[in-house]
Amino acid sequence: MNIFSSVLKTDCEDSDCVCYALEGLYAVMNDAANDQVEPHLLVNIPTDLGVQFTEMYMKNIENYEILLVLLDAPESFIRRNAMRLLTVLSINRLKDTQTAILQCRTGVSKLVDILSDTHEVLRNDVILLLTELTKTNTNIQKIVAFENSFDRLLKIIYSEGLCDGGIVVEDCLRLLLQLLDGNPSNQVLFVEGNFIQRLSLLFDLYSTENPQSHVWCAQKIANTEVAMKVIQTLVAPCNKAQLVRNCQNVIYDCGLLEKLCNIVMVSGVPADILTKAVYALADSIRGCPRNQEYLAKLVAPSEPPQSAVNVLLVSMLNKHQSVVVRLAVLYCFQCYLACNHQSQSAIVMTLLPKPSDVPQPGVSAGQLLCGGLFSNDSSTWFSATALLHCIHDNEQLKQELLRVHLSPNEGAQPVTLLHQCFVWQQQSNHFQTRMSVLQLLCTWLTNCSEAVRSFLNSSNTGNDETESINRGSYLWTLIAEACAVDNDENEALIHGLTTLLVCICVIYNPGNVKGLDKSTLFSTLEKRIGIDMILERLNQVSKAESFVTASKRPHTFVQSADNLIFDYTFTRLFKRLEYTVMHTFQSDSNMNGVKDCIPYNVNHQNSKSIDHSNAETSKRQYEDELARQESEITILRNRVSALEYELSTCRSVISSNASTGNNIIGDDQIQKLTISDNSVIQNLEQKCLLLEKERDNIRVEHEDLLLLLNDQDTKIMKLCKLIKDLGGCVPEDIDSSGAINSKLPDINDHQLNKESINQPLPTFQTLLSTQADTLQHTTNRAVVLVMSLLKLGLITSDFKCQ
């Protein structure tokens, strides 16, 4: 490794040596080369040997700088080997390689410039290198995009023959997709640079001039799939709304929407291409009125001519069609109805009774969906889910759907769609049918008091005008089913949605159904099922694996039609309803059955004022209860803080006693420590501080007295010496050598040492008083001595001791 690296540094002028060194480094770092070696030769060789060599090579940042310099070499084989080595480094250690490339000036720019190289081999290799370098690194993606890489990549795609080209086209499209996916700035640059218009040329898949355009080879399928993903990335739901709207307008203006529709409507398209095209078309029309209107008016090229929407629904309800294609069509139908009340209304209106003199234009979209409900297989799930989207968040259409009548059998008396859905839910043995119908019923009754009234008034005969004895038979059947025991996970899900449907009848109860008002139903559910069991049922549904999977993304991905259970839109509705049920039923239970605590839309003025007053009363009680709980929480928090402080004090006392060797306080003594004890300790500490300050003042006074005493001793010694020199007699109690020492320690010892300073304050005061008395006694002796000298006439009255 070191020899190869030194060759690249020192022998850069020798092209052959540099080439061999690059090939050697590439060989030792490329783990993929081991796949061509016989297994018995790799027994003692680790599988990540190339990665280990890469880590060794990357320790020196100069190695990357040398490789980037070699990209400017005049020899094409050196440049290619340098790019191959950089590609292997990126594969083995992507993050470190990206960091090193960013640290090198103009490193990314050099790589992008090679896209315009005349040597196709170098150009193709740098596409692979940029594909590796731009993975999960938005900074490198931005640099590559702003180096005019979009234009260069599209030129390469054109030169290679668009979707009919080879693998180079696929590599360019994958690099293009990687630069756009999850990078808003690059997406804006792509739209503003008019690259969508240029990209639309890839979707001219059926050309009259080229007879080979109808042939779908494997490479053409791969190229078209990636191109579809690029379009879908630009209009993905996770992007910013304004950016998506701009992309949708450009797709319509440049004719790309028409080309996508042609691919979807034409026959002979492979299933994979059809699936990607439908998803791209769906995201292109989602929430865009102009694009949705274009699809609504589109007529499929069939005999007889049919609406494109009907053709899509027929494909969705065909059980022989691939499940991925059917899911794509369902997602497209959902996007077609998104924020489009006009299209929702048009489909529901086709189900309503019409005068006999009005001509019937054939099978409508609504009739196709209702017909799919009778299938009792996966088509029932698709039909129910599609109808769910037709009435989602549209109370008026929910009421209109109550007027729809169906004939279960030929010649049978028509019954309401609501009654037929209840029959399917009860009598079907197919798990998917029951789940899909329950989701449709829950969506239908939510936020629609009129639908709840009709459901409560209905009986098993299917006639709304029933006697009071049969009123509410739907509800009692559902309550009995909700009380049943779960034998497996599927039954738990069915019982959970049944429980939710019963709760919806309580929450959105209109209050005008005799014997089935909100308070009565709440009391019944509390006795028959129990509030805890209701919440547990709903919690089981929200935690189910199928529910969690369906709630992650708007479009569903399953391998088999048997795995279709939940719809994404319903999962969002379920979460809102679960919170509403939890809030309503728990509040009602805590308030001993107080009714009407949740406001809801009512259509009858007589009950509106009563419900409003009850709601206000419940609201005040709830607020009082909340305030009381908050005060309790505050008290408990203060108590916890006090206990924590007490615990810390006890620990400090224990540690101090352990360090000084004192007896450790027992547990019973620790528990007796209170906050009042801490205050006493603080007072004592303050008193100690005051006493220490007083002791310092006394020490200063003591030092002053010692100085005075020293002066007196000096004077006395001089006087005694003078008297002796003059022949006088010194009193016996004043001895020049020991008189002073008999009363006081040596003068040199009259300094306070550490022991005296550190004495307790009373002892220190006593010592100071004793020394003051000694000083006074010495002074008196000095006065007597001076008087004796005056009497003897040895000194005069103006005598001064020097």
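Ala, Val, Leu, Ile, Met, Phe, Trp, Tyr, Cys and Pro count as nonpolar, Asp, Glu, Lys and Arg as charged, and the others, Gly among them, as polar. The model is predicted, so local features need pLDDT of at least 70 and side-chain atom pairs count only at pLDDT 80 or more, while totals for chains, interfaces and linings use all residues. Residues are numbered from 1 along each chain as its sequence is written, and side-chain values use heavy atoms, with hydrogens and water left out.

**Whole chain**

Show the protein chain as a cartoon. It has 39 helices and four strands; helices (H or I, at least four residues) and strands (E, at least two) are DSSP runs, numbered from the N terminus. Of its 802 residues, 46% count as buried, where buried means under 20% relative accessible area, exposed over 50%, and partly exposed in between (1.4 Å probe, protein chains only).

**The core**

Next, select Leu295, Phe333, Trp444, Leu445, Phe566 and Phe585. Among the 195 residues of the largest nonpolar core, these touch the most other members. Helix α20 (residues 323-337) gives the most to this core, with 12 residues. A nonpolar core is a set of buried Ala, Val, Leu, Ile, Met, Phe, Trp, Tyr and Cys residues joined through side-chain atoms within 4.5 Å. In soluble globular proteins, nonpolar side chains tend to be buried together.

Centre on Leu445. Which residues is Leu445 in contact with, leaving aside its neighbours within four places in sequence? They are Leu418, Ala451, Val452, Phe455, Leu501, Ile504, Cys505 and Tyr508; contact means heavy atoms within 4.5 Å.

**The cavities**

The structure holds three cavities of 30 Å³ or more. On a 1 Å grid over the protein atoms alone, a cavity is a set of points where a 1.4 Å probe fits but cannot get out, and lining residues have an atom within 4 Å of a point. Grid points are joined across faces, edges and corners, and a volume is the space filled by probe spheres set on the points.

For the largest cavity, select Leu327, Leu330, Tyr331, Gln334, Trp381, Pro554, His555, Thr556 and Asp567, which line it. The space inside is about 70 Å³. Its lining residues divide into five nonpolar, three polar and one charged, and α20 gives the most, with four residues.

Then select Leu295, Val309, Leu312, Leu313, Val329, Cys332, Phe333 and Tyr336, the lining of the second largest cavity. About 50 Å³ of space lies there. This lining has eight nonpolar residues, no polar and no charged. Here too α20 supplies the largest share, four residues, and α19 (308-317) supplies at least two.

How values were computed:
1 Å grid on protein atoms, 1.4 Å probe; cavity = no way out; pocket = protein on both sides within 12 Å on 5 of 7 lines; lining within 4 Å.
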